[in-house]
Amino acid sequence: MIHIMSDTENPADLLGNGGAENPHSNIVAANQVLPSQLIILPVPNRPYFPGQIQPLVVDAEQWGDTIRRVSDTHHQSIGLCFVDENAAKAEQIDNIAHVGTLVRLHRITQVGDNIQFIAQGIQRFQIVSWVNRKTPYLAEVQYPLEPKQNSDEIRAYAMAVIEVIKELVPLNPLYGEELKQYLKYFSPNEPSPLCDFSAALTTAKGPQLQEILETLPVLERMKCVLPLLHKELEVVKLHSEISEEVNKRITKQQRDFFLREQLKTIQEELGITKDDKTSDIDTFRQRLEGLVIPAQVQKRLDEEFKKLSLLETGSPEYGVTRNYIDWATSVPWGYYSEDKLDLTQAREVLDRDHDGLTDVKQRVIEFLAVGAFKQEIAGSIMLLVGPPGVGKTSIGKSIADALGRQFYRFSLGGMRDEAEIKGHRRTYIGAMPGKFVQALKEVQVANPVIMLDEIDKIGTSFRGDPASALLEVLDPEQNSDFLDHYLDLRVDLSKVLFICTANQLDTIPSPLLDRMDLIRLSGYIAQEKLAIAKNHLWPKLRERAGLKKSQISVHHRALKALIEGYAREAGVRSLEKQLQRIIRKAVVNILETKTPKVTVTVDDLNDYLGSPPFKKERSIRGVGVVTGLAWTAMGGATLPIEASCVHHHGRGFKQTGQLGDVMRESSEIAYSYVVANAVRYGVKTDYFEKAFVHLHVPEGATPKDGPSAGVTMAAALLSLATQKRINRPLAMTGELTLTGHVFAVGGIQEKIIAARRTNTKEIIMPDANKGDYDELPDYLKTGLKVHFAKHFDDVTAFLFSV
């Protein structure tokens with residue numbers, strides 16, 4: 001590729017011959033015989049004209065051999081032909097123009113990967129045929145002569161061209177330098193060089209200039225050049241007017257600045273202080289310094305500033321306008337904090353703040369990795385779903401910390417007014433912007449991490465539907481132009497990272513749920529709770545109470561007993577409360593007995609916390625008793641199901657345990673399937689004809705629903721009918737159909753955690769959930785024996801096997 005160098009020095013001076021020869025003359029000296037064969041060099045962007053003297057730069061790797069071959073010739077001449085830039089890259093010889101300019105090379109030097117030389121345009125040539133169609137290109141050429149024409153008409157055109165050049169020279173100093181260089185070699189009375197010089201002077205496109213180069217008659221050439229010169233003159237005049245207007249504005253701004261500075265100095269000398277209105281306006285304007293303010297926002301602010309300057313401070317409208325400007329100037333327009341996209345540091349932050357949650361951390365790291373690869377984390381919406389106390393809010397803070405972003409949290413629980421999202425209209429007394437504008441004002445950056453807590457508990461009322469208002473905020477395609485009703489300005493929220501939290505998905509509207517990337521946080525197992533208590537909860541609570549490590553300690557076995565007997569829920573919130581109780585009573589003990597150190601052991605737990613609410617689960621075993629696994633909003637839970645025969649005086653089926661509609665239907669399906677296939681499973685033919693069966697799910701005060709207990713109910717009924725009992729700790733889950741097929745269920749991770757919590761080591765689950773089980777972390781699967789069932793026949797095979 002070839003580039004024309006900028007004219008930082010006079011190329012004529014670089015020739016070293018003072019410009020003694022006329023390169024445009026048609027008279028050739030004896031020692032200047034023009035070669036009949038020329039090496040051709042394609043020139044992109046614009047053609048080269050006879051009489052031009054310009055420095056050129058070529059790529060050494062592509063054209064080095066060509067230039068060296070030319071330098072070895074006695075005439076040191078080469079042909080420059082125009083070629084379209086795309087064609088030049090593709091090296092398509094057929095796109096090279098057939099008319100070019102013979103140039104002589106001077107002062108050839110190599111600088112780095114480029115070769116520089118001075119090209120002195122000599123004469124037009126025309127390619128007759130190609131001798132070598134590969135680089136270096138070699139062609140047979142001829143030198144056409146210019147036909148003689150009416151000199152009077154040519155002279156008139158030449159005068160018109162000179163007049164346009166005279167108008168161009170005062171408007172741009174570069175034209176003057178070009179003209180001085182031209183006059184060193186040519187007379188203004190020579191029409192052909194004047195025409196070529198005028199064409200080279202313009203900024204016309206390459207094809208237009210190539211057309212002029214191919215035009216041999218001087219008169220026709222001048223007719224083509226003159227319109228280009230007039231167009232160049234119009235462009236230069238327009239550029240000059242724009243520059244003059246800009247200079248006027250700059251001059252006016254400088255003048256206003258100096259006058260304001262003088263006014264401040266005079267006021268300081270006279271002891272005159274600014275009034276409240278001027279002070280407010282200056283404060284608001286200072287806030288906008290260094291911000292990238294959209295044109296629409298700037299226009300609106302200028303109108304409000306002008307309005308404020310005309311109002312009296314005692315006017316009610318003054319307070320309304322001042323509050324509006326205060327909020328509008330508090331938004332960090334276009335100011336973004338720099339993201340930390342170091343995955344190693346992100347892992348360290350997540351591991352420092354959280355124990356467990358390995359799968360969740362991996363999802364967060366994957367999310368950050370995409371941002372690190374793009375070098376940008378743009379508008380994303382994450383939804384963290386899990387039971388209370390599993391660390392949803394704290395992991396949001398850790399993400400903000402890992403990114404180096406500001407963090408802002410507000411709760412959507414119970415929110416019923418959409419104005420809290422989109423702001424109030426300015427017409428109302430006490431109107432304020434929405435929560436998102438308030439968040440941007442507080443964090444003072446336009447790309448914070450905003451946490452929307454309890455999004456599943458958002459409400460509706462006659463004031464509007466906040467969930468619908470959130471659709472605009474949480475849509476990456478729309479939130480770049482979020483409209484706040486109070487500001488009535490478009491605010492860009494596309495760079496904000498939104499993290500939402502919820503305990504369940506049922507109450508979140510589907511359109512809102514579709515906009516969010518779902519990440520589930522299951523409950524903790526006992527080992528994870530123990531690590532959290534040791535590394536996070538206990539040090540934090542001890543420091544909060546002002547206790548030193550040497551004053552209080554808790555035994556490892558005491559923490560395990562505390563978790564098993566007092567804090568068995570999915571999260572760690574109850575665990576934290578129990579540890580707080582221990583610390584409070586320990587402080588009382590220290591103050592009253594003057595004990596230097598308190599050590600809490602297993603035997604002390606009853607004194608500190610009372611009798612444990614969770615007794616060690618007694619495994620309910622026997623005929624007709626099977627343990628199921630259930631999912632709740634608090635995490636996973638074990639669910640023993642009991643079946644008993646009340647009497648043999650007549651057929652009947654009864655269910656108790658506050659079952660929901662879906663669970664009641666599952667029990668009826670289980671009963672119908674077992675009755676229909678009783679003989680196949682070894683049940684006496686007349687058993688269900690006479691037996692009145694009662695199916696019960698314990699903890700009757702707790703509502704229960706869902707289809708996942710179908711296989712458990714059928715297993716309990718079959719155990720009752722066959723009088724076979726399960727003599728090992730086993731639990732199961734799965735939906736049963738009337739034909740005996742076992743369908744997939746949800747909440748596999750929560751159910752596995754519940755099984756581990758009760759030390760159940762053998763589990764039966766649907767074969768369709770095998771993929772969900774394989775995705776679980778290894779520490780959850782260690783020590784478990786899992787059977788996968790496609791049909792209830794598989795369940796019975798595992799159920800009664802030894």
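The structure is a predicted model, in which local features need pLDDT of at least 70, side-chain atom pairs count only at pLDDT 80 or more, and totals for chains, interfaces and linings use all residues. Residues are numbered from 1 along each chain as its sequence is written, and side-chain values use heavy atoms, with hydrogens and water left out.

Strand 24 covers residues 762-766. Strands (E, at least two residues) and helices (H or I, at least four) are DSSP runs, numbered from the N terminus. Buried means under 20% relative accessible area, exposed means over 50%, and partly exposed lies in between (1.4 Å probe, protein chains only).

Strand 24 pairs with strand 21, residues 730-732, in the parallel sense over 3 bridges. Two strands pair if DSSP finds at least two bridges between them. Within this pairing, I763 of strand 24 stands opposite A731. Strand 24 also pairs with strand 25, residues 785-789. That pairing is parallel too, over 5 bridges. Here E762 has K785 of strand 25 as its bridge partner.

A patch of negative charge lies on the surface, formed by D661, E665, E668 and D705. Patches are made of residues with over 30% relative accessible area and no salt bridge; like charges are joined within 9 Å, and nonpolar side chains (Val, Leu, Ile, Met, Phe, Trp, Tyr) within 5 Å. A salt bridge is a side-chain nitrogen of Lys or Arg within 4 Å of a carboxyl oxygen of Asp or Glu. Asp and Glu count as negative. D661 belongs to helix 23, residues 661-676. D661 is exposed, with a relative accessible area of 61%.

The backbone sites come next. Most residues other than glycine have a negative phi, and most peptide bonds are trans. T135 and P136 are joined by a cis peptide bond, with omega about -5°. P136 sits in the loop between strand 6 (114-132) and strand 7 (137-142).

Q444 is not a glycine, yet has a positive phi of about 60°. Its loop runs between helix 16 (435-443) and strand 10 (449-453). Q444 is partly exposed, at 40% relative accessible area. K594, also not a glycine, has a positive phi of about 60°. K594 lies in the loop between helix 21 (573-593) and strand 16 (598-600). K594 is exposed, with a relative accessible area of 68%.

How values were computed:
Accessible areas come from the Shrake-Rupley method with a 1.4 Å probe; for residues, only the protein chains shown count as cover. The place of a charge is taken as NZ of Lys, CZ of Arg, CG of Asp or CD of Glu.
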